[in-house]
Amino acid sequence: MNKNFLFACVAIVGAAYTPTISVQAQQPVPYTVDFGQSQDGWTSINQLATVGKTWEAKTKSHGFYDGGTYYDCVGLSSTFTPNTDAWYVSPSISLEAGKTYEVKTFAARNSQITLTLNIGTSADDMTSYTSVGELSPLPTIYDASAAITKEVTVDASGDYHFALNATTTENYAPYDCNVFTFSVVEKGTAEPEKPLVVTSFPYVADLTASNEGWTACNYNNDDDTWMFFSGAGVGMASTLLDAEDAYVSPAIQLTKGCKYKVATNVQLYGNPSDNYHMTLTVGKGEGLDKEAFVPLKLLQLTQLGYNVDEATFEPSESGVYRFAFLNTTTADYTNSAVIVTAFGIDETKNETVETGTTVFSDDFSAADAMGKWTVADANHDGVTWGVSEGVSGITYDSGKAEAQNPANDWLFSPAVGLLEGQDYFLTYTVRRQGAFDDDVLSVAFGNAANAGAMTRELGKQTVSTNAEDVTTTMRITADQTGDAFFGFHVTTPSSDNGQLSLVNIELKAADKATPCAVENFTAKPSRKDRNVLFTWTNPVQDTNGIAINQPFSVRLYDGDELVACVDNQEVGKEGSYLYTPSSFAGRATYKAEAYMEGNASAQVAVSINLDDMQGDVILVKKYDVDRQKAAEWVIDGKCQAWKYDYSDIFTYDYRKGTKVADEWLISPTVELEAGKHYMLKYELKTSQDYGNNLFVTIGNAQTKEAQTKVLAEYYGLEQNGFAEYQTEQFTLDEDGSYSIGFHVTNSNYYVNMRNLRVYHISETTGIEAVEGNASVGRVCVYDASGRLISDMAASSVDEAVKALGKGMYVVKAIGMDGKTSAVKVIK
């Protein structure tokens with residue numbers, strides 16, 4: 001902490017006079033909202049009979065993009081529809097008849113759209129609204145100077161709602177209208193400024209010179225509250241009524257895990273009295289409600305003149321906070337006052353040790369090797385740690401004749417000075433001789449050289465027989481400043497188990513740990529519940545290869561936006577989190593990172609398509625190929641470079657083609673249905689060093705002209721040996737016969753393709769389990785009440801349930817081998 005910080009607060013004093021404090025009512029505040037920060041009280045209403053675009057928050061990479069920057073805003077959702085009729089309705093705003101109001105809207109567009117401003121008295125009946133006018137022209141860039149102002153008057157005083165109505169008759173891009181700010185002010189008055197947020201430290205407010213960003217709150221609604229007096233401060237006089245008034249700071253951005261020192265300076269004008277009660281309080285968020293604030297410290301107003309106080313605050317979570325001087329002075333009508341002259345806050349800085357500095361070491365080479373080391377013979381057999389002739393280090397020697405019990409002995413280090421919050425690497429080496437079984441060595445530390453004080457175990461290791469120079473490194477974070485002691489506790493399975501020696505030890509200052517990345521990160525969407533389940537495996541080491549020995553967090557991102565921080569994660573354990581995205585549509589990229597003490601691991605990412613079906617993968621057709629069936633495939637291209645090779649393999653021969661190619665291999669047809677979700681699987685092989693461009697397509701005829709839909713793109717594909725590939729899910733607009741195309745456009749080597757399969761993703765559940773049994777011969781279907789509704793010969797469960805209506809069924813499949821399987825199916 002800056003040593004001059006507190007003195008700066010003390011030094012801010014008023015002039016040599018005490019002001020006469022007059023009383024006046026608080027003025028009403030004009031309405032303003034920054035949609036990038038809050039949408040409180042606003043409601044999105046879609047007037048279309050069918051699903052259409054609606055207004056929603058757009059942040060981070062989903063915001064309005066202009067000139068390399070994303071701007072947070074409210075915009076239309078990404079649902080693609082033929083048209084749009086989306087309303088965004090404000091909270092109620094009190095307007096007075098006879099006054100003129102200026103309503104300013106800062107918006108932008110990147111497609112043709114009509115945006116109108118409307119006014120009404122209903123929160124949800126759009127037919128009652130009257131148009132104020134079209135907001136035009138809307139800029140196509142982020143330009144605050146292009147905000148559009150409309151003048152509004154009302155015939156009767158009361159509560160009104162404003163509504164922004166976006167309409168189109170065409171289907172344009174997903175973010176085709178964006179609104180950044182909206183304000184209502186009485187004509188001739190200044191537009192309210194965006195609230196001040198303090199983000200750098202130290203922050204010192206000289207309230208004798210300026211009260212920028214500070215707010216007076218008159219909680220008891222009397223005629224007396226805080227007033228600013230230039231040159232003196234912000235004060236309140238004593239009155240005949242009890243005070244209940246707060247003077248609230250600007251919002252201040254604070255970080256979890258950091259400590260902050262808060263300093264105040266309050267002038268007491270008048271003799272000290274038990275009537276004076278001033279409490280420093282703190283609340284999370286930008287709100288001003290009294291209930292949002294909790295006491296931090298009761299300020300001591302014990303002397304005439306200036307009273308300086310200090311308090312420490314450690315936030316439980318990151319975010320913006322506001323501090324307040326809460327005056328609850330009891331009634332005492334005298335010529336006295338309290339005047340707040342200064343407030344300051346700064347982040348405290350722990351003393352640190354330069355990384356790599358050795359703070360303690362011992363190789364036991366001194367004449368008195370035990371030095372300040374101490375031991376505890378916990379099993380009281382007279383055999384414990386000590387110096388053994390001809391053996392390096394400090395040794396537990398169970399080969400002595402008096403060793404009658406298995407080892408249970410402690411070795412304690414001298415006192416080592418540690419600094420709170422500082423990380424250290426503890427590195428030590430042990431050696432075994434003459435052992436029959438493994439020993440167990442536990443390492444701990446505490447605040448005294450005895451077993452009872454060893455409250456924090458750092459690790460436990462099994463030392464194998466006759467192990468030579470086993471070196472181990474552990475990370476330690478000191479939880480307080482002062483002396484600490486390290487303990488080595490040996491236990492053996494038998495009384496005679498050779499020698500275990502501690503050869504050397506070193507403690508070095510270290511940087512904070514950066515955890516390794518999480519593993520096995522998955523994102524499994526649920527179309528039914530419109531959420532995504534994240535799962536992962538937690539790391540066990542940091543990037544220095546040191547075992548993690550403390551809880552940490554996993555942070556989850558939707559694109560670049562942080563959506564969750566899952567605390568108290570354990571090393572090596574499986575983690576999960578259920579996330580509900582604001583828009584459940586289209587392709588999404590999710591990321592995860594381990595986070596510990598301000599350091600984040602490398603991110604791992606997974607991309608999924610939220611429009612994909614989640615269900616059973618049912619084989620529609622497998623293209624079995626032999627020399628005879630290969631004739632059913634179409635090979636098209638100037639060079640005729642595709643050919644049937646052998647088994648079920650087609651080969652593109654780069655020697656027949658050209659480097660810039662246009663060569664097609666097109667499959668026989670398969671019958672597919674509109675609206676169903678399909679995907680393709682196939683195996684490809686090219687080369688380890690020579691890439692090829694290959695496109696997988698689908699079309700409604702076995703010609704290259706009909707191959708209009710690209711399902712997968714591979715640029716510079718280098719695949720040494722066959723590997724399975726698959727397309728994303730796709731749908732078709734019409735029922736019909738379709739062919740699959742493999743299109744080479746750039747060739748540097750052979751391309752081989754085999755084992756093409758077409759799959760349908762079914763919404764029914766459990767089918768895959770039944771299909772996994774022997775071939776199905778007969779299927780019985782029962783409704784939810786147990787009534788048999790179908791008993792038919794069928795080759796698959798999918799065939800039997802295809803014609804069923806929506807509902808829950810129990811399907812019993814009887815295999816050709818006579819075995820029966822039952823499964824619940826929901827359609």
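**Figure 1. Strands E41 and E44 form an antiparallel pair.** Strand E41, residues 531-537, is joined to E44 in the antiparallel sense over six bridges; two strands count as paired if DSSP finds at least two bridges between them. Strands here are DSSP runs (E, at least two residues), numbered from the N terminus. Within E44, Gly575 is the bridge partner of Trp536. The model is predicted: local features need pLDDT of at least 70 and side-chain atom pairs count only at pLDDT 80 or more, while totals for chains, interfaces and linings use all residues. Residues are numbered from 1 along each chain as its sequence is written, and side-chain values use heavy atoms, with hydrogens and water left out.

**Figure 2. An open sheet of three strands has the order E40-E41-E44.** The pairing in this sheet is antiparallel. Strands E40 (519-526) and E44 (574-579) stand at the edges with a single partner strand each, so one side of each has no neighbour in the sheet. From one strand to the next, the twist averages 15°; angles run from 0 to 180 degrees between N-to-C directions, and axes are lines fitted to C-alpha atoms.

**Figure 3. Strand E31 is covered on both faces.** Ile394 and Tyr396 on one side, and Thr395 and Asp397 on the other, are all buried (under 20% relative accessible area; exposed is over 50% and partly exposed in between, with a 1.4 Å probe and protein chains only). In a regular strand the side chains alternate between the two faces of the sheet. E31 pairs in the antiparallel sense with strand E30 (residues 385-386) over two bridges, and with E39 over four bridges. Tyr396 in E31 stands opposite Trp385 and also opposite Leu500 in E39.

**Figure 4. Trp373 belongs to the largest nonpolar core.** A nonpolar core is a set of buried Ala, Val, Leu, Ile, Met, Phe, Trp, Tyr and Cys residues joined through side-chain atoms within 4.5 Å. Of the 37 residues in this core, Trp373, Tyr428 and Phe488 touch the most other members. The elements giving two or more residues to this core include strands E31 (394-397) and E39 (499-510), and E39 gives the most, with five residues. Not counting residues up to four places away in sequence, Trp373 touches residues including Phe360, Ile394, Phe488 and Leu502, where contact means heavy atoms within 4.5 Å.

Figure 5. The structure holds zero disulfides, a disulfide being a pair of cysteine sulfur atoms within 2.5 Å.
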